[in-house]
Amino acid sequence: MAQLLAAAVFTLTLVWVLHFRGGVSWEMSSNPQLVYTAHPLFMVIGFVICTGEAVMAYRIVLGPRAAKKAVHLLLHLLSLGFAAVGLYAAVKFHNDAGLAHIRSLHAWLGIATIGLYALQWLVAFVYFVFPGAMMTMRADYAPWHIFFGIVIFLMAICTAETGLVRFIFPGNYPSEAFVINFNGIAIFMFGVAVVLAVILPSRY
């Protein structure tokens with residue numbers, strides 16, 4: 001179910017960005033909104049889809065634990081890469097348009113999520129990858145790593161939802177509003193499915 005919802009989120013995001021928003025561009029001279037449209041595209045792919053897949057890696061990846069660990073780590077790193085591009089798009093658009101930064105709830109949540117995400121990745125690398133970490137330290141930190149991982153993922157979901165509503169204004173084409181709303185519902189359901197996959201015992 002989580003994989004189907006991830007595919008739905010990816011498809012709806014692409015349809016919205018390419019069909020209704022006209023794609024993306026890094027040149028302000030063409031259409032300033034095309035620069036900003038890159039922000040939700042890369043953020044949804046990175047912080048929603050890649051992060052969700054990374055959170056579920058230990059459940060969905062077949063093979064030894066080392067392989068699951070590697071996929072988990074690399075997906076999170078890939079997510080940070082997509083998020084960096086998405087953040088750059090938002091900063092570039094605001095700078096080029098002369099707009100103020102970090103004024104909305106969406107921006108506050110986004111900055112907090114990115115900061116905590118990077119910190120979580122670095123701490124996890126030290127505890128679980130760095131060879132100097134003792135097994136007792138890893139065992140003590142593991143429950144907190146899972147807890148904070150779920151919290152940060154849910155923060156990413158909330159940030160995505162608050163970002164989507166910024167694109168619905170009076171006068172929008174009804175079809176675009178429908179796509180945005182359905183995408184928001186799919187993102188929420190994907191978040192629920194990911195958390196459920198993590199907290200349920202393996203026998204389920």
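Leaving aside neighbours within four places in sequence, Q120 is in contact (heavy atoms within 4.5 Å) with Y141, H145, F148, G149 and I152. The model is predicted, and local features need pLDDT of at least 70, side-chain atom pairs count only at pLDDT 80 or more, and totals for chains, interfaces and linings use all residues. Residues are numbered from 1 along each chain as its sequence is written, and side-chain values use heavy atoms, with hydrogens and water left out.

Q120 belongs to helix 5 (residues 105–129); helices are DSSP runs of H or I with at least four residues, numbered from the N terminus. With a relative accessible area of 12%, Q120 is buried (under 20% relative accessible area; exposed is over 50%, partly exposed in between; 1.4 Å probe, protein chains only). F182, in helix 7 (residues 174–199), is exposed, at 51%. Between F182 and T136 the C-alpha to C-alpha distance is 45 Å, at a sequence separation of 46 residues.

Helix 1 (residues 2–20) comprises 19 residues and reaches 26 Å from first to last C-alpha, close to the 27 Å expected at 1.5 Å a residue (1.5 Å times one less than the number of residues). Its buried residues are A2, L5, A6, V9, T13, W16 and V17. Just after helix 1, G22 adopts a positive phi of about 80 degrees.

Definitions and conventions:
Helix = DSSP H or I, 4+ residues; strand = E, 2+ residues; numbered from the N terminus.
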